Amino acid sequence: MAEPSGETTGRPPLDLELGVIGNCQVAALVDERGSIVWSCLPRFDAEPAFSRLVDTQDRGQFAIELCDPCHTQQYYRRNTAVLCTELTDRHGAVLRITDFCPRFRQYGRYYRPVMIIRRLEVLRGNPVIRARLRPSMGWDGEAPATTRGSNHVRFLRNDQVLRVTTDAPLTHVLDETPFVVDGTMTFVLGPDESVKESVDAMGRRFLELTEDHWREWSRSLAIPFEWQASVIRAAITLKLSAYEDTGAVIAAFTTSIPEAAATQRNWDYRYCWLRDAYFTVHALNRLGATRTMEGFLRYIINLVAGTDDSRLQPLYGIGGERRIEETTADALGGYRGMQPVRVGNAAYRQNQHDVYGTVVLAATQAFFDQRLDRPGDRALYHRLCALGEEAARLYDQPDAGIWEYRGRARVHTYSAMMCWAACDRLARIAGQLELDADARRWRDEADRMHTDICHQAWNASENAFTETFGGETMDASLLLMHELGFMAADDPRFVGTVEAIERHLRRGDHLFRYAAEDDFGLPENAFNICTFWFIDALDAIGRGDEARALFENMLGHRTRLGLLSEDLDTQSGELWGNFPQTYSMVGLINSAMHLSRSWEEAL
């Protein structure tokens with residue numbers, strides 16, 4: 001059974017109505033006409049093999065153009081990461097493009113090659129197509145060199161090689177001349193390796209195995225009763241964001257989709273933010289999918305082991321790289337012509353003190369969850385203690401904060417609260433390990449920090465906690481106070497903070513991160529995860545009917561395939577920001593889990 005989503009042609013040439021395919025090694029974005037417009041190979045943060053999404057030139061894409069088209073429909077195969085695009089021409093001919101990245105169990109491990117497979121099938125009539133295979137192979141806009149075999153073509157650029165093997169007529173493909181599709185045709189995009197069997201047979205076999213894998217994975221999820229399809233789609237998207245080789249989790253698959261039109265707020269999100277990764281694994285844990293957490297634990301343990309001073313960066317490369325220098329790819333015109341296209345992210349240099357709590361929170365479940373292959377032990381606890389010491393030292397010191405201000409540093413309440421969370425969870429972990437003296441020490445430390453934060457960050461005139469110690473402005477991240485256990489939902493101070501954030505940051509049915517001017521001026525668009533945080537906070541303080549209405553509204557702002565980006569224009573409803581954003585998909589899952597009726601109530 002499919003999850004349909006269709007509409008007539010004629011949309012703008014670039015928008016975020018994109019499907020994502022992947023296999024936890026590579027990924028690609030496919031537009032509603034069936035064109036691959038973004039993919040980095042051989043891993044998420046590599047140079048792009050296809051870059052049309054952030055360019056103004058007719059290049060960097062693999063398009064299958066139906067001649068004389070009139071309609072397109074796009075959907076995922078039910079509970080899988082297999083994407084189908086059906087194109088209809090004015091004569092009634094229908095062509096289906098099936099796109100996927102192979103992923104399945106083989107020889108006792110997951111097979112996840114650097115490979116994209118496209119299968120073309122005739123559903124009706126005699127469709128005529130023009131293939132436009134124009135990979136970019138880098139950031140400089142130069143066309144790659146090509147060499148041709150009998151059934152394949154190799155694209156070469158610097159050290160990068162992309163081999164496309166096909167049973168389609170290669171002459172027509174390379175010359176971009178129209179031809180009739182008279183049977184199933186398969187394209188295998190991947191490394192420079194020969195396909196040692198029929199391309200059609202391999203494509204069909206890999207498709208069946210990949211569909212089986214994703215359906216089995218989806219079947220294992222502990223989903224809520226309501227909004228099941230939405231939660232499953234969000235969960236699959238989060239799983240695709242995990243780079244399984246190291247355990248890293250990226251914030252998004254793209255770079256430089258502006259947070260708002262023509263604002264210069266164009267950032268590269270193809271890296272592992274410890275904060276975003278924690279939220280991702282926490283959401284998957286709630287659904288019972290714990291393997292991503294185990295991989296992320298391995299990733300952060302390697303990061304901690306590789307540092308001499310216990311200092312954590314806010315983000316790292318997906319291979320654990322510490323230097324992620326920020327440059328611009330000036331040869332690319334940008335999303336809808338909105339430059340710059342940034343490569344790398346200078347935020348890795350920032351001090352963001354919440355990361356210490358983030359790592360400890362991510363590790364905490366390992367000490368309590370008996371399902372895990374390798375539960376937390378005293379060795380892991382002692383590694384985490386060094387991070388707790390840093391948290392206790394830095395909680396009242398200035399940093400760039402969760403929103404990564406580039407032009408100023410202050411003592412941010414959210415950062416202080418996350419430092420408290422590090423010490424609070426270490427007290428619980430020490431108790432679980434029967435280290436009673438340690439448990440008392442960490443509890444005393446956490447209590448001291450809690451008292452100070454409540455004093456320093458409280459603003460009596462607003463009847464709320466504010467963004468910074470001694471400050472006056474609001475910050476949507478403080479909606480997480482209850483979720484983190486810093487304050488009970490029925491505490492008048494939390495209720496007052498929710499109400500103050502609503503007064504200052506709510507715009508219609510959506511929420512801004514903050515409303516004060518930053519390095520680029522005043523924010524223009526709502527931040528989707530903040531709207532979900534607000535929904536959860538409303539539910540926690542007893543405004544459940546309002547929360548459900550806002551949640552249903554957010555579901556209506558997803559793409560037709562059920563995905564969300566980072567930001568949203570509150571006037572037009574258009575999505576902006578990098579895509580798909582793990583933060584936003586996490587928010588959808590968490591809110592659905594909070595708001596849904598239980599299975600017992602519903603059945």
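At what angle do helix α4 and helix α13 pack, and how far apart are their axes? In this predicted model, helix α4, residues 274–286, packs against helix α13, residues 582–595, at an angle of about 35°, and the two axes are 9 Å apart. The crossing of this pair is left-handed. On the α4 side the contact is made by Arg275, Asp276, Phe279, Thr280, Ala283 and Arg286, and on the α13 side by Thr582, Tyr583, Val586, Ile589, Asn590, Met593 and His594. Sorted by class, the residues of this contact are six nonpolar, four polar and three charged.

**Helix packing around α11**

Helix α11 (residues 528–540) and helix α12 (residues 544–555) have axes that come within 7 Å and cross at roughly 155°. Because the angle is over 145 degrees, α11 is roughly antiparallel to α12. The crossing of α11 with α12 is left-handed. From α11 the contact takes in Asn528, Thr531, Phe532, Phe534, Ile535, Leu538 and Asp539, while α12 contributes Gly544, Glu546, Ala547, Leu550, Phe551 and Met554. Eight nonpolar, three polar and two charged residues make up the contact of α11 with α12.

Helix α11 also packs against α13, where the axes come within 8 Å and cross at roughly 15°. Since that angle is under 35 degrees, α11 is roughly parallel to α13. Here, too, the crossing is left-handed. Asn528, Ile529, Phe532, Ile535, Asp536 and Asp539 of α11 meet Tyr583, Ser584, Gly587, Leu588, Asn590, Ser591, His594 and Leu595 of α13, and this contact is made up of six nonpolar, six polar and two charged residues.

| Helix pair | Axis separation | Crossing angle |
|---|---|---|
| α4 and α13 | 9 Å | about 35° |
| α11 and α12 | within 7 Å | roughly 155° |
| α11 and α13 | within 8 Å | roughly 15° |

**The largest pocket**

The largest pocket has a volume of about 1100 Å³. Its lining comprises 35 residues, and those lying nearest the centre of the pocket are Arg291, Glu294, Gly295, Arg298 and Asp373. Several elements each supply at least two residues of this lining, namely β12 (109–111), α2 (199–219), β20 (242–243), α5 (291–305) and α7 (378–394). Of the elements, α5 gives the most, with eight residues. In terms of class, the lining of the largest pocket holds 12 nonpolar, nine polar and 14 charged residues.

**Cavities**

Searching the whole structure finds six cavities of 30 Å³ or more. The lining of the largest cavity is made up of 11 nonpolar, two polar and 10 charged residues.

The second largest cavity has a volume of about 80 Å³. It is lined by Glu259, Ala260, Arg265, Phe512, Arg513, Tyr514, Pro523, Glu524, Asn525 and Asp567, and these residues divide into four nonpolar, one polar and five charged.

Gln264 lies in the loop between β21 (248–249) and β22 (272–273).

Key:
Residues are numbered from 1 along each chain as its sequence is written. This is a predicted model: local features need pLDDT of at least 70, side-chain atom pairs count only at pLDDT 80 or more; totals for chains, interfaces and linings use all residues. Side-chain values use heavy atoms; hydrogens and water are left out. On a 1 Å grid over the protein atoms alone, a cavity is a set of points where a 1.4 Å probe fits but cannot get out, and a pocket is an open set with protein on both sides within 12 Å along at least five of seven lines; lining residues have an atom within 4 Å of a point. Grid points are joined across faces, edges and corners, and a volume is the space filled by probe spheres set on the points. Helices (H or I, at least four residues) and strands (E, at least two) are DSSP runs, numbered from the N terminus. Ala, Val, Leu, Ile, Met, Phe, Trp, Tyr, Cys and Pro count as nonpolar, Asp, Glu, Lys and Arg as charged, and the others, Gly among them, as polar. Axes are lines fitted to C-alpha atoms, for helices over the stretch in contact, and angles run from 0 to 180 degrees between N-to-C directions. A crossing is left-handed if the near helix is turned anticlockwise from the far one by less than a right angle, and right-handed if clockwise. Contact means heavy atoms within 4.5 Å. Angles under 35 degrees count as roughly parallel, over 145 as roughly antiparallel, 65 to 115 as roughly perpendicular and the rest as oblique.
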